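Me: I'm new to reading protein models. Could you walk me through one, feature by feature?

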Amino acid sequence: MLVMDTPDVWEKIKNIQKSCEFLVQGGSAPVPQWPARDVQVLDSKLHPPKKGFSLKEGQARMLHDLASIELQAMELGVRTLAEFPDAPQAFREELMAVTVSEGTHLRLCLEGIHDLGFKWGDWPVHCALWGAVSAEDSLLDRILIVHRYLEGSGLDAGSYLIQRLDGIDDGKHTRKIVGQINFEEIGHVDFGSQWYRKICQLEKIDASVDFPRRMESLRWKLPKRMEKINRDLRLKAGFTEEEILACEAYRESILPSRQKLASATSVR
Ligand SMILES: [Fe+2]
Ligand SMILES: [Fe+2]
């Protein structure tokens, strides 16, 4: 039984290391269609409106959304270990470290929510990240979707959250949590960048040609992430200039037209 089958969020955190070790050492287990949850799961379009960060409730809600993302990131790591038993062992071992670190991020968020006077389950969650991958993915698809697209846009979003929290007197504790997570996420995205190139090399694929093509071929399944691409963080996380341009072009192509106009007139 893998962590995705356990509904209790604290049980999941407690078992993450063991779940990963079991798979990395050659164990196998079926992957459920959807991960088990101990809180209400709802399409994000139906979630209640958010409050500003000047209110503790607004910060707790943001940490709750982030916790749901960290939880899915953790479970996606386990899922990749279960679905790609033949991936290079070094990849699997590094992925285990990334996945265990997602468990730490999840715990930080849950503790932060608690410190603000709220609890896990005070808002609904979604499983859109889990829904963005499928058993039919190739390893390159999976790396691109999870570590380069989803975690990559997480970096962009995280830097924006930090900026917003910097302007809040009462936001230091939350800022510390988000800051630590965003810093460590650079390593997760870089893990994806490095392994994407290594797997391309192993499969004799030109990574610079493959990246924009694969983004295009996967676009129908990628959740729409509208955050402006943070070039500095993407570079730190192993993106090439061409890949950043491809991400920016992709973002432009999914932006609603009013936002497109605003981003065309904004100064870089
Ligand atoms: Fe994380
Ligand atoms: Fe991550």
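Me: How many of the 28 residues of α2 are buried?

Reply: Keep in mind that this is a predicted model. A residue is called buried if 20 or more other C-beta atoms lie within 10 Å of its own. In α2, 23 of the 28 residues are buried, leaving the helix mostly covered.

Me: What span does α2 reach from its first C-alpha to its last?

Reply: You compare the span with the one expected at 1.5 Å a residue. Helix α2, residues 56-83, reaches 40 Å, close to the expected 40 Å.

Me: At what angle do α3 and α6 pack?

Reply: An angle over 145 degrees counts as roughly antiparallel. Helix α3 (residues 89-115) packs with α6 at about 165 degrees, and their axes are 10 Å apart, so the two are roughly antiparallel. Their crossing is left-handed. Among the residues making the contact are Phe91, Val98 and Leu108 of α3, along with Ile177, His188 and Trp195 of α6. By class, the contact has eight nonpolar, seven polar and three charged residues.

Me: Let's zoom in on one residue. Why does His188 count as buried?

Reply: Go back to the cut-off of 20 neighbours. His188 counts as buried because it has 26 C-beta neighbours inside 10 Å. You'll find His188 in helix α6, residues 172-202.

Me: Which residues is His188 in contact with, leaving aside neighbours within four places in sequence?

Reply: Look for partners from elsewhere in the chain. For His188 they are Val98, His147 and Glu151. Val146 is 42 residues away from His188 along the chain, yet their C-alpha atoms are separated by 9.9 Å.

Technical notes:
Residues are numbered from 1 along each chain as its sequence is written. Chains are lettered from A and ligands numbered from 1 in the order in which they are written. This is a predicted model: local features need pLDDT of at least 70, side-chain atom pairs count only at pLDDT 80 or more; totals for chains, interfaces and linings use all residues. Helices (H or I, at least four residues) and strands (E, at least two) are DSSP runs, numbered from the N terminus. A residue is buried if 20 or more other C-beta atoms lie within 10 Å of its own, exposed if 12 or fewer, and partly exposed in between; C-beta atoms are placed from the backbone. Two residues are in contact if their C-beta atoms, placed from the backbone, lie within 7 Å. The expected span of a helix is 1.5 Å times one less than its number of residues. Axes are lines fitted to C-alpha atoms, for helices over the stretch in contact, and angles run from 0 to 180 degrees between N-to-C directions. Angles under 35 degrees count as roughly parallel, over 145 as roughly antiparallel, 65 to 115 as roughly perpendicular and the rest as oblique. A crossing is left-handed if the near helix is turned anticlockwise from the far one by less than a right angle, and right-handed if clockwise. Ala, Val, Leu, Ile, Met, Phe, Trp, Tyr, Cys and Pro count as nonpolar, Asp, Glu, Lys and Arg as charged, and the others, Gly among them, as polar.
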